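Me: I would like to learn how to read the packing features of a protein model. Could you take me through one, feature by feature?

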Amino acid sequence: MSRPAVRVLRLGAVPYAEALRVQERCVAAARAARGPAALPGPGPGPGPGLPAESVVLSEPARPVYTWGLRGAPGAAAAAALRARGAALVAARRGGHITFHGPGQLLAFPVLDLRRRRLPLRAYVAGLEALVLRLCRRLGLGTARALPPPFTGVWMGDSKLCAIGVHCGNHITSHGLALNCCTDLTWFDHIVPCGLEGKGVTSLSHELGQHVAVSHVLEPFLDSFQEVFDCTLVSAEDPRD
């Protein structure tokens, strides 16, 4: 039986809002691929011959703090964060406030969990598993995943990769943020993911050398294919 195809959209360094816009187009295409019964109204399909599922990869071009269903900053805290030069964005995902910025890999898989017969918790575990595979490929064999509320991938008591997802009509969006060479001082101004007493780390810090986002894309995608049992198809233009 052939493996399902998944489009890979590599946006490079773009504003966080642009990655969200591309993600939403992918979500609309995945819903449209199910047929009219899956949509409340007309919507764009993925186009003839294109896979219905996608993964959107980007690196935030500018610093931004985002939060999900919980953990929105108060007015004074929000003003202080903006004063440091960061944007603030409420996102449709689970989780508390976190930071996104240059040196971080954002991966937004848009997968149909109903077609895959995959429960949401198993999907989140799959995201953790693919990052753990990536870490092993890079020589970080002690990376680990922990049970909720410590969702993500950890090195000791420091979070290396944050995970926050949304699932509507069994179509996933948002996903994970992997610190590659992120300026970790941006996390000093918040309680990352609402977890008191926990730290953050990066691949560069753990490996003792500069690890750019571009350095991890191919091993990340190899791990993605293995965990989600798919064939990746490049689509450099997000309009495809």
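Me: What should I know before we start?

Reply: This is a predicted model, in which local features need pLDDT of at least 70 and side-chain atom pairs count only at pLDDT 80 or more, while totals for chains, interfaces and linings use all residues. Residues are numbered from 1 along each chain as its sequence is written, and side-chain values use heavy atoms, with hydrogens and water left out.

Me: Which residues does Leu105 touch?

Reply: Contact means heavy atoms within 4.5 Å. Leaving out residues up to four places away in sequence, the partners of Leu105 include Leu57, Leu176, Leu178, Val216 and Phe220.

Me: Where is Leu134, and is it buried or exposed?

Reply: Leu134 is found in helix α4, and it counts as buried because its relative accessibility is 0%. Not counting residues up to four places away in sequence, Leu134 touches Leu178, Val216, Pro219, Phe220 and Ser223. The C-alpha atoms of Leu134 and Val216 are separated by 8.1 Å, with the two residues 82 apart along the chain.

Me: Now the rings. How many aromatic pairs are there?

Reply: Rings of Phe, Tyr and Trp (its six-membered ring) pair if their centres lie within 6.5 Å; planes under 30 degrees apart count as stacked, over 60 as edge-to-face and the rest as tilted. By this rule there are 8 aromatic pairs. One of them joins Phe224 and Phe228 and is tilted, at 5.0 Å centre to centre and 45 degrees between the planes. Both residues lie in helix α6 (residues 213–228), 4 residues apart, about one turn of the helix, and both are buried. Elsewhere, Tyr65, Phe99, Trp186 and Phe187 form one aromatic cluster.

Me: Which ring has the charged end of Lys198 over it?

Reply: A charge sits over a ring if NZ of Lys or CZ of Arg is within 6 Å of the ring centre and within 35 degrees of the ring normal. The charged end of Lys198 sits over the ring of Trp154, 6.0 Å from its centre.

Me: What about empty space? How many cavities of 30 Å³ or more are there?

Reply: Rolling a probe the size of a water molecule over the atoms shows where empty space is left. On a 1 Å grid over the protein atoms alone, a cavity is a set of points where a 1.4 Å probe fits but cannot get out; a pocket is an open set with protein on both sides within 12 Å along at least five of seven lines, and lining residues have an atom within 4 Å of a point. Grid points are joined across faces, edges and corners, and a volume is the space filled by probe spheres set on the points. The count here is 2 cavities of 30 Å³ or more. About 60 Å³ of space lies in the largest cavity, which is lined by 13 residues, with Thr98, Lys159, Ala162, Asn179 and Phe187 nearest its centre.

Me: What is the volume of the largest pocket?

Reply: The largest pocket has a volume of about 470 Å³. Of its 27 lining residues, Gly94, Gly95, Thr151, Ile163 and Gly164 are the closest to its centre. β9 gives the most to this lining, with 5 residues.

Me: Finally, the backbone. Where is the cis peptide bond?

Reply: A cis peptide bond joins Pro148 and Pro149, with omega about 10 degrees. Pro149 is in the loop between β7 (144–145) and β8.

Terms used: Helix = DSSP H or I, 4+ residues; strand = E, 2+ residues; numbered from the N terminus. Buried < 20%, exposed > 50% of the residue type's maximum accessible area, 1.4 Å probe, protein only.
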